[in-house]
Amino acid sequence: MAKEKTFKLGELFCGPGGLALGATNSKVSKNGTVYKIAHSWASDNNLDSCNTFRRNIAKDLPGSVIYKDVNKLKIKNLPQIDAFTYGFPCNDYSVVGERKGIKGVFGPLYTYGVSVLKELKPKFFVAENVGGIVSADDGKSFRKILSELENCGNGYGLTVHRYKAEEYGVPQMRHRIIIVGIDK
């Protein structure tokens with residue numbers, strides 16, 4: 001009989017649950033152990049997104065989905081987690097926006113994820129954003145974000161990749177930057 005190891009997942013800017021759905025549906029078997037990810041908590045400031053997340057991800061834990069502006073969320077009070085995901089707002093990084101980067105209204109919101117990493121020190125994280133984040137404000141914001149993610153908590157080894165949705169059978173040309181951080 002295989003052993004199981006379940007990682008508890010927390011998520012900021014959870015939206016309707018795309019990242020959580022992928023995470024909680026995944027499992028890996030290695031050396032007789034099955035590794036899985038289970039929802040612990042999630043937060044978003046959009047009520048419809050929170051309701052959809054509850055329905056699709058957290059049916060048994062509806063109170064674990066926090067409908068609140070991230071500015072009012074008390075990160076220190078969140079339950080401990082092993083894994084963290086966040087698709088921080090892209091408005092200031094998108095090629096169709098003003099591309100203000102971290103100097104815009106939404107650009108600095110990535111720092112709340114950095115705060116989660118500093119406070120809760122999960123074993124690993126996944127951050128997602130639009131492809132335009134790499135070049136917004138001549139790349140200064142992206143370099144700063146990567147530096148902060150790498151140096152928070154116990155320090156994280158980062159893997160950064162640009163995914164082009166059209167190369168994976170998705171009928172859209174959506175390019176996303178995925179940052180994976182593993183606790184050093």
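A residue is buried when its relative accessible area is under 20%, exposed when that area is over 50%, and partly exposed in between. The structure used in these exercises is a predicted model.

**Exercise 1. Describe helix H4 and work out how its buried residues are arranged.**

Step 1. Check the length. H4 covers residues 140–151, which is 12 residues. From first C-alpha to last, the helix reaches 17 Å, close to the 16 Å expected at 1.5 Å a residue.

Step 2. Pick out the buried residues. In H4 these are Ser141, Phe142, Ile145, Leu146 and Leu149.

Step 3. Look down the axis. The buried residues of H4 fall within an arc of 130°, so they line one face of the helix.

Step 4. Turn to the face pointing away from the buried side. There H4 carries the exposed residues Arg143 and Asn151.

Step 5. Ask what covers the buried residues. The cover includes helix H3 (110–120) and the strands E5 (83–86), E6 (124–130), E7 (156–164) and E8 (175–183).

Step 6. Step past the end. Just after H4, Gly153 has a positive phi of about 60°.

**Exercise 2. Find which residues other than glycine have a positive phi, and say where they lie.**

Step 1. Take Lys121. Its phi is positive, about 45°, although Lys121 is not a glycine. Lys121 lies in the loop between H3 and E6. With a relative accessible area of 38%, Lys121 is partly exposed.

Step 2. Take Asp137. This residue is not a glycine either, yet its phi is positive at about 40°. Asp137 belongs to the loop between E6 and H4.

**Exercise 3. Trace the surroundings of Phe53.**

Step 1. Locate the residue. Phe53 is part of helix H2 (residues 47–56).

Step 2. Phe53 is buried because its relative accessibility is 0%.

Step 3. Collect contacts, again skipping residues up to four places away in sequence. Phe53 touches, among others, Glu11, Cys14, Gly15, Pro16, His39 and Val65.

Step 4. Phe53 and Gly18 are 35 residues apart in sequence, and their C-alpha atoms are 8.7 Å apart.

**Exercise 4. Describe the largest pocket and the second largest pocket.**

Step 1. Start with the largest pocket. The space in the largest pocket is about 440 Å³. Its lining has 22 residues, and Phe13, Gly15, Asp44, Gly87 and Pro89 lie nearest the centre.

Step 2. Name the elements that give two or more residues to this lining. They are strand E1 (3–12), helix H1 (18–24) and strand E3 (33–44).

Step 3. Move to the second largest pocket, with about 210 Å³ of space. Of its 14 lining residues, Leu19, Ala23, Ile37, Thr85 and Val126 are closest to the centre.

Step 4. Name the elements again. H1, E5, E6 and E8 each give two or more residues to the lining of the second largest pocket. The largest share, 4 residues, comes from H1.

Step 5. Sort this lining too. The second largest pocket has 10 nonpolar residues, 4 polar and no charged.

Technical notes:
Residues numbered from 1 in each chain as written. Predicted model: local features only at pLDDT ≥ 70, side-chain atom pairs only at ≥ 80, totals over all residues. Heavy atoms only, no water. Expected span 1.5 Å × (residues − 1). Buried < 20%, exposed > 50% of the residue type's maximum accessible area, 1.4 Å probe, protein only. Arc of directions from axis to C-beta. Contact = heavy atoms within 4.5 Å. 1 Å grid on protein atoms, 1.4 Å probe; cavity = no way out; pocket = protein on both sides within 12 Å on 5 of 7 lines; lining within 4 Å. Points joined across faces, edges and corners; volume = space filled by probe spheres on them. Nonpolar A, V, L, I, M, F, W, Y, C, P; charged D, E, K, R; others polar.
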